[in-house]
Amino acid sequence: MTNNNNAALECPEETKYDVMVIGAGIAGAESALKIADMGYKVLLVEKEPSIGGKMILLSKVFPTLDCAACITTPKVSETSRHPNITILTMTEVEEVQRSNNRDFIVQLIKKPRYVIEKDCTGCQECENVCPVITQDQFQFNLTARKAVYIPFNIASPRIALIDIENCMLCGACEKACPSNCIDFTQQEQKLQISVKAIILATGFKLFDPISIEQYGYGRYKNVITSMQMERQLAPTRPFNNILRPSDGKIPDKIAYVFCTGSRDHTVGNPICSQVCCMYSTKQAQLLMGALPMADISLYYINIRAFGKGYNEFYMQAKDMGANYVKGKIGKITEKENGNLILRFEDIVTGKVSEKEHDLVVLSVGLLANPEITKVFKDEKLELDAVKYVCQKDMLQNPAQTSIEGVFVAGTATGPMDIPDTIMSAGAAVTETSSYLKKLL
Ligand SMILES: Cc1cc2nc3c(=O)[nH]c(=O)nc-3n(C[C@H](O)[C@H](O)[C@H](O)COP(=O)(O)OP(=O)(O)OC[C@H]3O[C@@H](n4cnc5c(N)ncnc54)[C@H](O)[C@@H]3O)c2cc1C
Ligand code: SF4
Ligand code: SF4
């Protein structure tokens with residue numbers, strides 16, 4: 001049996017495309033789909049083994065509380081089956097240069113999976129026999145995975161890959177695979193293609209709170225990030241309940257620390273991440289549903305509930321019993337039983353207070369992902385002051401970058417929520433198609 005999801009994954013014979021979309025999160029998938037629907041041929045390049053970006057890993061979405069996977073999965077599957085879209089996963093762009101006829105010549109590197117993509121059925125027999133256990137990056141290190149693994153249940157494509165750095169080369173997976181598709185001889189492949197236009201949809205990075213020492217992330221087991229909580233609330237969650245890491249206890253006094261790594265010059269990120277107030281409010285509502293007896297306190301500087309229905313969503317969380325405390329956390333200390341003492345100045349009373357919680361969630365901010373700039377060899381991709389891709393004319397051509405024919409979509413331009421990301425992808429598609437029409 002061949003996994004029919006995999007047809008688009010082998011290295012393509014085709015070397016000419018109308019548009020290359022870099023990054024297959026929701027911005028990239030939406031851009032690829034819309035431009036492919038117009039009849040253009042699209043190459044969608046993703047560096048991870050699955051498409052879907054951060055959104056495919058979320059629980060529900062604010063303010064509607066629709067299931068994120070239920071929205072992302074059909075979109076991702078439509079993208080992978082579209083006749084005008086070729087997808088390359090585990091692939092990065094090495095270099096982009098303008099040719100004489102104004103097309104872009106692109107050098108790509110496709111990393112080996114050590115699994116023959118078209119033959120893998122996703123049966124997971126290889127995982128069952130692999131003796132290696134290592135941290136699972138798609139569950140944000142909450143659980144373990146094998147050295148041969150499928151990234152997560154709803155990964156697209158649903159194909160195994162081998163993490164060669166941790167592999168013992170014992171050969172057990174090779175013997176167990178009913179499709180004979182383990183292939184240790186695979187090498188990195190270099191590909192050269194030409195495209196007329198490029199859409200950058202390379203998204204954002206999550207702030208790593210290890211640099212805020214006074215919060216104890218990385219030292220205190222029961223201080224986790226919002227993405228780790230997001231995974232615990234998601235349908236593809238690692239456990240069947242919300243558990244605190246130190247002892248597997250179900251928490252009943254949970255604290256959120258807003259603006260961790262946002263609006264903070266001391267960590268080099270002075271801007272608002274736009275989504276943290278709302279995703280924390282969403283998680284609080286989901287937690288109150290999952291753990292009705294738990295107390296949820298949210299420590300904030302200001303509430304930014306600026307979108308359609310967002311303020312009502314915030315008021316709803318308050319009405320449900322979420323305890324919003326206006327105060328910046330100065331320090332977190334750990335007790336012997338793993339509980340955490342939060343020290344903060346209550347802005348309303350003006351008093352410095354301490355409060356004990358048994359799980360702390362850091363509402364981490366969004367950071368720019370500027371590495372893509374270095375692939376442009378003879379033209380400069382300009383960035384803004386905080387290293388997001390610069391929009392040449394934010395009001396009239398929000399997708400145009402400093403390079404003609406190169407457009408940008410989604411959080412590659414700055415922090416934004418999913419509705420704005422979809423609209424930004426729409427703008428990128430419109431501007432790209434009018435650029436392509438002018439070339440004719
Ligand atoms: C904890 C948390 C909860 C959230 N909850 C919500 C919510 O409930 N509602 C809401 O509206 N928003 C929410 N958001 C925001 C939401 O995640 C973003 O708006 C959305 O994911 C942005 O999509 P994107 O495609 O722009 O970026 P991403 O999801 O970051 O996708 C970028 C893609 O590009 C790939 N890529 C990057 N660089 C390269 C490269 N050089 N070559 C190839 N591929 C590359 C990445 O691997 C990734 O797949 C939340 C965010 C967080 C952190
Ligand atoms: S060869 Fe590597 S991936 Fe395969 S079973 Fe052995 S350790 Fe696991
Ligand atoms: S055993 Fe073979 S076919 Fe099954 S998931 Fe592993 S590599 Fe794919």
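Trainee: In which sense do strand S17 and strand S18 pair?

Mentor: The model is a predicted one. Strand S17 covers residues 323-334 and strand S18 covers residues 340-346. They are joined over 7 bridges, and the sense of the pairing is antiparallel.

Trainee: Which residue is the bridge partner of glutamate 334?

Mentor: The partner of glutamate 334 lies in S18. That bridge partner is leucine 340.

Trainee: Which strands are the edge strands of the open sheet of 7 strands?

Mentor: The strands of this open sheet follow the order S14-S20-S15-S16-S17-S18-S19, with mixed pairing. An edge strand here pairs on one side only. The two that do so are strand S14 (223-225) and strand S19 (351-357).

Trainee: What angle does the direction of helix H5 make with that of S20?

Mentor: Helix H5, residues 226-233, packs on the sheet. There, H5 touches S14 and strand S20 (359-364). The angle between the directions of H5 and S20 is about 110°.

Trainee: How many residues of domain 2 are in contact with domain 1?

Mentor: Domain 1 comprises 4-111 + 188-204 + 368-439, while domain 2 comprises 207-366. Their centres, taken over C-alpha atoms, are separated by 32 Å. On the side of domain 1, 15 residues take part in the contact, and on the side of domain 2 the number is 21.

Trainee: Which residues come nearest to ligand 3?

Mentor: There are 14 residues around ligand 3. By class, this shell has 9 nonpolar, 4 polar and 1 charged residues. Those that come nearest are Cys120, Cys123, Glu125, Cys126 and Cys177.

Note on methods. Residues are numbered from 1 along each chain as its sequence is written. Chains are lettered from A and ligands numbered from 1 in the order in which they are written. This is a predicted model: local features need pLDDT of at least 70, side-chain atom pairs count only at pLDDT 80 or more; totals for chains, interfaces and linings use all residues. Domain bounds come from an automatic or database domain assignment. Two residues are in contact if their C-beta atoms, placed from the backbone, lie within 7 Å. A residue is near a molecule or strand if its C-beta atom, placed from the backbone, lies within 6 Å of it. Ala, Val, Leu, Ile, Met, Phe, Trp, Tyr, Cys and Pro count as nonpolar, Asp, Glu, Lys and Arg as charged, and the others, Gly among them, as polar. Two strands pair if DSSP finds at least two bridges between them. Helices (H or I, at least four residues) and strands (E, at least two) are DSSP runs, numbered from the N terminus. Axes are lines fitted to C-alpha atoms, for helices over the stretch in contact, and angles run from 0 to 180 degrees between N-to-C directions.
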